[in-house]
Structure formats: C-alpha cells, structure tokens
Amino acid sequence: MYIVIEGIDTAGKSTQLDILKQKFPQAVFTKEPGGTEIGLKLRAMALNGEAKSKVAEMFLFLADRAEHIEEIIKPNKEGIVVSDRSVISGISYASNLPLEVVTSLNLIATSNILPSHVILLELSKDELTKRLSGKTNDSIESRGIDYLIDIQNRMKKTVEILNLNHIFIDASLSIEEISKKIEDFING
Ligand SMILES: Nc1ncnc2c1ncn2[C@@H]1O[C@H](COP(=O)(O)OP(=O)(O)OP(=O)(O)O)[C@@H](O)[C@H]1O
Ligand SMILES: Cc1cn([C@H]2C[C@H](O)[C@@H](COP(=O)(O)O)O2)c(=O)[nH]c1=O
C-alpha cells in the first residue's frame, strides 16, 4: 500500500501524519522532498530560492523523486508506506509547463509507480490566507495565495487525469473529523 497525503502549503498534512503515526505504527513514514540523504540536499537547494530558472527548480524536485522511489517506495510498498507529498505535488507545482509535459517527466522519475491511495486536503482561499499569515513563508509560499489556489486546482485535476484512488477532504473540518475520514479511507 502506497499512501500519499497531499495538499498545498498549510493544508494540515503534518498534523494528520502525526496522528497516522500513532494509528499505524507498523507503517514506514516518508516525505518529498527530502526523504533520502541526497533528497535532503536537493530539498535545501530547491527551497532556498537560489535557482533562477523554474525548470531547474523542477529538475531538483524530479531528482529527489527518482531517488525517493528507488530507495524508499520500491522496497516498502508491499507493506504500508505513507508519504508527505508525491508525484502529485511534482506535477502541480511545476505550473509554468503544460500538465501533459510535466506528467511525462514525472512518470519517468517514478518508473511509472503511482500511489495506491491519495488523500488530498483542500483549503478555501480564506482559510489559506489565515494559515499563511500565521507563519514565516519560504520561497514557494511567498508566491502568494492565488498561486497556491491554482496549484490546488492542478492537484485535483492531476488526481483525476491519472485516475488515482482518492479522497478529497475539506481541510477546514476539525482535526479529529479529518483524521476519522482518513482512517476510514485507508481501511477501505
Ligand atoms: N483541521 C485543522 N483546523 C485548523 N487548523 C489546522 C488544522 N490542521 C492543521 N491546522 C493548523 O494549520 C497549520 C498548518 O498545518 P500543518 O503544518 O499540519 O500543514 P502542512 O500541510 O504540513 O504544511 P506545510 O506543507 O507548509 O508543511 C498549523 O498551524 C496547524 O496547527
Ligand atoms: C514535492 C514538491 C514540493 N514542492 C514545494 C511544495 C512546498 O512549498 C515545498 C515543500 O515544503 P513542505 O514543507 O515539505 O511541504 O516544496 C514543489 O514545488 N514541487 C514538488 O515536486
């Protein structure tokens, strides 16, 4: 089982992952970018805003993804592996390029391995504005509310185009309500 939790910045992914860690102690928990040793270096490069080219930035995330699939997902997917972000973020955040082009590149990076379960936490514009104002924003978050809402729309489209088994959850529900929905989805 390859479960991914997705959503734009501040959607509540880490909050729900902390709860899942208690509920599924036998699972392997991982993340993109930065789930491997090389990935930590690629994450730092991608998020410090140093790359002038959006294409260069996308290739940093793709390199992280390829290594993550090889080192973490392939060896663990017969058990339960839960990842904070995935190919869905990869396709959606690279919004300077057409969806079909970025999808092809991402499928090369993942060796065509796709998640078996996608949990997408969906934020309203108002709730996103409130949550982003409560934290220091990194180079990607600083691109603003409209950029992130557009990414969220691309995420939903990507899940549908790839025909992935999924649940979309209103991220403004209570932490407990969201957690119950996630548990029910995983348990089928
Ligand atoms: N259901 C919820 N209702 C209200 N606030 C929430 C809820 N879930 C999380 N939060 C709050 O929203 C903020 C962002 O949550 P969290 O760090 O879990 O998001 P994230 O998706 O992991 O963010 P990022 O992608 O930026 O790392 C935190 O302050 C958290 O306490
Ligand atoms: C996988 C991936 C991520 N991003 C962006 C999304 C976030 O702004 C950061 C990661 O930060 P987090 O605290 O770990 O959520 O990177 C991206 O632009 N492209 C990607 O492929």
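1. Helices (H or I, at least four residues) and strands (E, at least two) are DSSP runs, numbered from the N terminus. By that assignment the protein chain has eight helices and five strands, and along the sequence they follow the pattern β-α-β-α-α-β-α-α-β-α-α-β-α. The radius of gyration, taken over C-alpha atoms, is 16 Å, close to the 16 Å that the globule rule gives for 188 residues, so the chain is as compact as a globular protein of that length. The globule rule is 2.2 Å times the number of residues to the power 0.38.

2. This is a predicted model: local features need pLDDT of at least 70, side-chain atom pairs count only at pLDDT 80 or more, and totals for chains, interfaces and linings use all residues. Residues are numbered from 1 along each chain as its sequence is written, while chains are lettered from A and ligands numbered from 1 in the order in which they are written.

3. Along its principal axes, the C-alpha trace of the protein chain spans about 45 × 40 × 30 Å. Of the contacts (C-beta atoms, placed from the backbone, within 7 Å) with a separation of 6 or more, 79% join residues 24 or more positions apart.

4. Ligand 1 is surrounded by 13 residues, counted when the C-beta atom, placed from the backbone, lies within 6 Å of the ligand. The closest are D9, G12, K13, S14 and T15.

5. Helix 1 (13-23) and helix 8 (175-187) each supply at least two residues of this shell. The largest share, three residues, comes from helix 1.

Methods. Contact = placed C-beta atoms within 7 Å.
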